[in-house]
Amino acid sequence: MSSFSTPALVVRRADYSDYDRMVTLFSPEYGRIDAIARGCRRPKSPLLNAVEPFTSGEFQLYRNRERFTLEQCQISESYFDLRADYDRLLHGAYWLKLLDAVLLPDAPMPRLFLTTLRALAYLSYGELPPALVTMAFEMHLMAQNGMSPRMDACMLCGKPIDGDARFDAWRDGAVCLECRSPAPHISNGARRIIMKLPRTDFDKFTMVNDRPEWPEAARLFRGYINARLHMEKFAPPLFGEAEK
Ligand SMILES: [Zn+2]
């Protein structure tokens with residue numbers, strides 16, 4: 001039994017009883033923390049704003065074996081701009097679903113935590129298309145969870161690939177044009193974006209905005225995410241796609 005403090009981002013919240021909520025936190029040091037926030041639904045609770053999705057700050061928690069209780073929070077960022085823009089909010093809400101799908105208790109992910117905060121800043125305050133920021137976030141999230149597709153060799157024959165190919169989401173990578181496959185075609189440019197972007201610093205994704213192949217890479221990578229994590233129903237529109 002002990003109290004401790006950690007930076008964290010609120011990924012999810014659920015009503016628990018009349019005045020309490022369960023919150024899922026993403027902590028760089030502890031990974032996923034599911035905690036109860038007692039009394040946070042009372043109008044004057046100091047925890048009222050601390051349990052909103054996207055809130056980040058320093059959270060003080062109490063641990064009793066596997067049960068966590070949220071005691072206090074010093075909010076550092078609430079991303080109000082994001083909440084006020086429906087299109088951007090759709091993208092951000094999808095990222096929280098992705099995090100909810102991959103985070104595990106006692107599995108520290110300090111790099112993914114920083115990536116998430118950087119990405120949220122771009123989504124909230126930047127001028128780049130939300131679909132581009134989402135693509136970059138998806139690729140880094142998968143790479144940091146050891147789930148990057150293999151793009152430099154054929155998943156069927158093993159031959160190195162250095163040009164156009166096919167992208168087989170179910171085989172976790174590229175397939176050369178000589179092998180028989182029903183998988184969709186991928187241009188060399190889009191293949192290189194999927195291969196290289198998650199190996200660079202997150203901020204480098206801004207340069208991809210000038211590359212005409214990025215919407216193709218985003219579309220094919222979304223298919224890959226859906227094959228691995230089954231996130232179809234949460235996915236935001238792709239670039240140029242009519243809004244739902
Ligand atoms: Zn092949």
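**Domain arrangement and core of the predicted model**

The protein is divided into domain 1, residues 2-77, and domain 2, residues 80-234. The structure described here is a predicted model. The centres of the two domains, taken over C-alpha atoms, are separated by 29 Å. Across the boundary, 14 residues of domain 1 are in contact with 17 residues of domain 2. On the side of domain 1 that touches domain 2, the elements giving two or more residues are β1 (2-15), β2 (21-27) and β3 (31-37). By residue class, that side of domain 1 holds eight nonpolar, three polar and three charged residues.

Six helices and eight strands are present in the protein. Their order along the sequence is β-β-β-β-β-α-α-α-α-β-β-β-α-α. Taken along the principal axes, the C-alpha atoms fill a box of roughly 65 × 35 × 30 Å. Of the 244 residues, 39% are buried. Among contacts with a separation of 6 or more, 54% are made by residues 24 or more positions apart.

The largest nonpolar core contains 69 residues, and the residues with the most contacts inside it are Leu25, Met135, Ala136, Ala174, Ala217 and Phe221. Helix α4 supplies the largest share of this core, with nine residues. The core lies between domain 1 (2-77) and domain 2 (80-234), because both domains give residues to it. In soluble globular proteins, nonpolar side chains tend to be buried together.

Two of the core residues named above, Ala217 and Phe221, belong to the buried set of helix α6. This helix spans residues 214-229, 16 residues in total, and reaches 21 Å from its first C-alpha to its last, close to the 22 Å expected at 1.5 Å a residue. The buried residues of α6 are Trp214, Glu216, Ala217, Ala218, Leu220, Phe221, Arg222, Tyr224 and Ile225. An α-helix has 3.6 residues a turn, so residues three or four places apart point the same way. The cover over the buried residues of α6 includes α4 (130-144), β6 (165-168), β8 (185-186) and α5 (188-196). Leaving aside residues up to four places away in sequence, Phe221 touches Met135, Glu138, Met139 and Ile194. After α6 comes His230, which has a positive phi, near 55 degrees.

Arg192 is found in helix α5, one of the elements covering the buried residues of α6. Arg192 is classed as partly exposed because 17 other C-beta atoms lie within 10 Å, whereas 20 or more would be needed for a buried residue. Between Arg192 and Gly163, which are 29 residues apart along the chain, the C-alpha separation is 8.9 Å.

Leu82 lies in helix α1, residues 80-83. Leu82 counts as buried because it has 20 C-beta neighbours inside 10 Å. When residues up to four places away in sequence are not counted, Leu82 touches Phe54, Arg88, Leu89, Gly92, Leu123 and Ser124. Leu82 and Ser148, which are 66 residues apart in sequence, are 28 Å apart in space from C-alpha to C-alpha.

Methods:
Residues are numbered from 1 along each chain as its sequence is written. This is a predicted model: local features need pLDDT of at least 70, side-chain atom pairs count only at pLDDT 80 or more; totals for chains, interfaces and linings use all residues. Helices (H or I, at least four residues) and strands (E, at least two) are DSSP runs, numbered from the N terminus. The expected span of a helix is 1.5 Å times one less than its number of residues. A residue is buried if 20 or more other C-beta atoms lie within 10 Å of its own, exposed if 12 or fewer, and partly exposed in between; C-beta atoms are placed from the backbone. Two residues are in contact if their C-beta atoms, placed from the backbone, lie within 7 Å. Domain bounds come from an automatic or database domain assignment. Ala, Val, Leu, Ile, Met, Phe, Trp, Tyr, Cys and Pro count as nonpolar, Asp, Glu, Lys and Arg as charged, and the others, Gly among them, as polar. A nonpolar core is a set of buried Ala, Val, Leu, Ile, Met, Phe, Trp, Tyr and Cys residues joined through C-beta atoms within 7 Å.
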